[in-house]
Amino acid sequence: MSEFPEMTDETTGAALPDPGKSAPPPVFPLAVPWRGWTLGRRLSQLLFLLLFLFFFGQATYKGEDQLAWPVDLFFRFDPLLLLEHVLATGSIVPRLLLSLFFLGLTFVVGRFFCGWVCPLGTTLDGCRRLWRRADPDPPLVFKLRRVKYYLLFFLMGAAVFHINLAGLLDPLSLLFRTLATLLYPALSYGVEGVFGQAYEWGPPAANLSEPVYQVLKESVLPFRRPVYLLPFLTLGIFGTIIALERLAPRFWCRCLCPLGALYGLVARFAWLRKRPVWLCRDCGDCQPVCKMGAIHQEAAPQHQTAECILCLNCQVHCPKDRVAFKFGGKVARPGLDLGRRQVVAAAAAGVVAVPFLRLKSLAWRPDEYLLRPPGVESEAAFLSQCCRCGLCFKVCPTGGLQPLGWEEGLDGLYTSRLVPRLGYCEYNCTLCSQVCPTGAIPRLPLDVKHASPLGTAFINRSRCIPYTEGRDCLVCEEHCPTAPKAISFYTAEVPDLHGKKVLIKLPVVNPDQCIGCGICENKCPVGGEAAIRVKRSLRLEM
Amino acid sequence: MDRREFLQRAAALAFMVGVGKHLTFPPELLAMAPEGRPEPILAQASGTNYAHLVGDTIQALGGMKKFVNPNEVVVVKPNMAWDRTPELGANTHPVVVRKIVELCLEAGAKKVKVLDHTCHDARRAYANSGIKAAVEDIKDPRAVVEYVDERKFVELNVPKAKSLKKWSFYKDILEADRFINVPVAKHHSEARLTMAMKNMMGAIGGWRGRIHVGLHQNIADMNLLLRADLTILDATRIMTEGGPSGGKPEYVQIKNLVIAGVDPVAIDAYGTTTLFGLKPADIGYITKGYELGLGEMDVNKIKILNA
């Protein structure tokens with residue numbers, strides 16, 4: 001069969017000198033067919049997942065104003081975020097340049113990130129064990145592989161017009177914010193519930209459970225029980241990605257992940273390649289063990305470095321010990337599942353989508369109560385930078401930073417907002433700006449942060465207790481952190497609930513002093529909508 | 001042996017061994033931390049060594065052994081509600097708290113817990129008030145700084161309360177053998193001043209903002225349940241405006257004073273006059289506390305021991 005022209009050369013796994021050429025390309029026997037490689041790969045996956053979780057755990061207030069660990073390290077190594085940031089803002093965040101190292105490494109060895117590092121990939125590998133289906137991959141999966149490239153080019157097309165949606169699909173952002181807003185709160189709720197029950201029962205159950213609980217509280221449980229908005233959407237997205245594992249292993253990585261697509265584009269030229277490059281005519285046993293379908297009769301009988309994530313299962317499972325990964329080689333590389341037309345069409349779709357995505361934000365100003373994290377000056381700039389990773393949600397000591405829903409359209413989904421009723425902006429805290437990987441929340445010295453308002457508090461005099469009931473309150477004034485206080489009071493006669501005039505202290509806001517931290521709204525004793533709320537207007541905004 | 005009996009015996013013992021100064025202490029002190037109205041006897045000391053001030057006032061009241069027996073669990077409740085550094089005067093001075101904890105340990109306490117239900121994030125308030133570090137620096141495993149555990153708030157009826165008939169209170173404080181209240185003297189916008197009685201806001205749970213509607217009666221009511229065995233008012237520096245959170249050094253006046261006693265109303269009344277130049281009757285919760293029989297608000301009836 002002419003389909004397999006170089007088979008005799010390559011099946012032995014050794015580079016045979018080509019008599020037709022004087023200087024054969026160098027082939028290093030670095031990758032010996034050693035079965036320990038898959039063990040090493042699993043260890044690496046586990047290690048990076050644990051590191052990811054460790055940084056997740058460290059992204060919290062630990063008694064120091066500066067975080068001890070670079071908890072955004074994974075995101076700094078994410079070339080998709082860098083690419084999108086550059087396209088959307090035209091500027092470079094120096095710390096994201098670390099991702100060029102991974103990109104360079106991909107040129108050498110291929111999509112190692114997906115197979116050895118990516119914590120979402122590891123999560124999928126782990127979940128598949130519970131969810132396994134032995135059937136061969138359906139042909140549809142091979143057709144859908146190109147979708148990830150479409151998504152990537154779509155994102156890039158939109159980014160040129162300042163819409164940066166990378167964070168919605170970036171695997172690191174997706175996993176981190178799912179952990180932060182869904183899995184970790186659920187876990188802590190469950191654990192606290194179990195130990196809380198034992199505590200209620202009292203001795204002897206509590207005697208056994210409390211020491212364990214204290215250890216957990218010190219180590220993995222959150223200081224305060226986290227509550228986040230959008231749990232069902234987050235669960236739906238994450239659950240779907242897990243459920244797709246049943247269709248085919250690593251369905252997300254094969255067909256949807258735009259970071260995988262970016263690495264795939266580079267890995268197509270990777271120096272390290274599987275030998276034999278062609279599917280052996282007499283065997284083909286590596287097809288079902290390949291998680292990615294990187295070598296498969298269905299798609300192409302040639303090993304595809306753009307799909308291969310170097311899991312090395314083929315090497316371990318090869319019954320004839322032919323498989324090895326080696327540098328160099330002259331075998332022609334297979335084309336991508338992608339034509340020029342599709343690239344152009346996908347990028348154009350991204351561009352065309354821009355006005356649709358922006359319709360809402362163009363049509364009217366942002367919601368009056370949409371507050372962005374401290375230091376954010378412009379809504380548009382923030383939207384083009386926020387990578388929706390959820391690091392700021394996790395690190396916010398009061399739990400005030402929350403994912404935004406559909407209020408501002410798809411453009412704003414999962415970007416960070418302050419919801420004062422859930423948590424206020426702690427006056428002397430700058431943690432969110434320290435963890436933000438893209439600088440969407442700028443790093444400001446504390447005194448500059450103190451002078452950067454998030455909004456301005458307004459008193460609703462038809463809800464405020466002293467105004468409406470003629471009774472004492474001033475909780476807002478008491479908590480106002482600025483000096484002098486942005487909330488002061490004057491004494492006046494007000495009719496009380498019985499219509500009798502009483503002298504009472506009435507709070508008023510001095511907008512020039514107010515920094516919009518929202519502690520007043522958070523602590524306001526009026527139920528439901530607070531009687532004092534922070535609005536984004538009166539802020540210096542073009 | 002109940003508390004009263006113990007105090008009597010301790011005092012008798014002190015009398016017998018004839019410890020100089022203690023021979024002369026007023027017999028009213030034998031009725032410390034009573035069920036009913038406590039005796040309005042306060043000790044005050046002035047100076048710049050704040051640890052000495054604490055030691056001197058407690059010595060004047062008969063020494064910490066009068067208040068804390070060996071093997072007792074003590075809760076020390078400073079005001080450390082705010083993410084503010086010590087010089088801003090929003091929290092009790094760390095040196096004062098540390099000395100009190102040390103005295104409790106010397107008296108043989110089994111465990112000394114330092115805690116407060118904060119307004120700002122507890123981790124930030126504990127750290128930046130300097131109190132956590134100061135107490136942990138004693139390096140005695142019996143002295144612990146604990147964060148409030150939400151599970152330990154228990155709902156209780158408050159007998160005799162006029163407004164706060166039911167609320168949630170912190171179990172560890174109610175169950176402790178001894179409870180020592182260590183407030184700081186501050187201006188407070190709504191309550192006007194905050195000292196001993198108002199500091200109990202950090203010993204309760206629930207939606208505390210709601211307490212501020214009818215604040216004065218509520219403060220007096222919560223003090224019906226939350227009775228400190230000893231109150232030590234930190235007036236080493238006082239906040240005169242911008243309270244209770246303050247935030248500017250200009251709001252703070254140095255007074256170099258510590259006042260101690262068992263009568264929270266007397267401490268508040270005396271502090272109101274001496275520190276802030278106001279009348280006790282100007283502060284609603286002092287009057288309400290007096291009406292509930294929590295203590296003495298007439299400054300002329302308060303006996304001051306200068307240590």
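Student: How many residues of chain B are in contact with residues of chain A, and how many of chain A with chain B?

Tutor: Please note that this is a predicted model. In it, 35 residues of chain B make contact with 41 residues of chain A.

Student: What area is buried between chain B and chain A, and what percentage of that area do carbon and sulfur atoms give?

Tutor: About 3000 Å² is buried between the two chains, and carbon and sulfur atoms give 49% of that area. Arg123(B), Arg124(B) and Arg151(B) together supply 27% of the area that chain B buries against chain A, more than any other three residues.

Student: How many salt bridges and polar contacts does one count between chain B and chain A?

Tutor: There are two salt bridges between chain B and chain A. In one salt bridge, the side chain of Arg151(B) meets that of Glu210(A), with an N to O distance of 2.8 Å. Helix α4 of chain B (residues 122–128) provides the largest share of the side of chain B that touches chain A, namely five residues.

Student: Let us turn to the rings. How is a pair of aromatic rings described?

Tutor: One states the distance of the centres and the angle of the planes. Over all chains, this structure holds 22 aromatic pairs. For Phe52(A) and Phe176(A), the ring centres are 5.9 Å apart and the planes stand at 80°, so this pair is edge-to-face. The pair links distant parts of the chain, 124 residues apart: Phe52(A) belongs to helix α2 (residues 36–58) of chain A and Phe176(A) to helix α11 (residues 171–201) of chain A.

Student: Are Phe52(A) and Phe176(A) buried or exposed?

Tutor: Phe52(A) counts as buried, because its relative accessibility is 2%. Phe176(A) is likewise buried, at a relative accessible area of 1%.

Student: Which geometry does the pair of Phe102(A) and Phe112(A) have?

Tutor: That pair is edge-to-face, with 5.2 Å from centre to centre and 75° between the planes. Phe102(A) lies in helix α5 (residues 99–109) of chain A and Phe112(A) in helix α6 (residues 112–117) of chain A, so the pair ties together parts that are 10 residues apart in sequence. Both Phe102(A) and Phe112(A) are buried.

Student: Which charged residues lie over the rings of Phe56(A) and Tyr369(A)?

Tutor: Lys394(A) lies over the face of Phe56(A), 4.7 Å from the ring centre. The charged end of Arg533(A) sits over the ring of Tyr369(A), at 3.6 Å from its centre.

Key
Residues are numbered from 1 along each chain as its sequence is written. Chains are lettered from A and ligands numbered from 1 in the order in which they are written. This is a predicted model: local features need pLDDT of at least 70, side-chain atom pairs count only at pLDDT 80 or more; totals for chains, interfaces and linings use all residues. Side-chain values use heavy atoms; hydrogens and water are left out. Rings of Phe, Tyr and Trp (its six-membered ring) pair if their centres lie within 6.5 Å; planes under 30 degrees apart count as stacked, over 60 as edge-to-face and the rest as tilted. Helices (H or I, at least four residues) and strands (E, at least two) are DSSP runs, numbered from the N terminus. Buried means under 20% relative accessible area, exposed over 50%, partly exposed in between (1.4 Å probe, protein chains only). A charge sits over a ring if NZ of Lys or CZ of Arg is within 6 Å of the ring centre and within 35 degrees of the ring normal. Contact means heavy atoms within 4.5 Å. Buried area is the accessible area (1.4 Å probe) that two parts lose on being put together, summed over both. A salt bridge is a side-chain nitrogen of Lys or Arg within 4 Å of a carboxyl oxygen of Asp or Glu.
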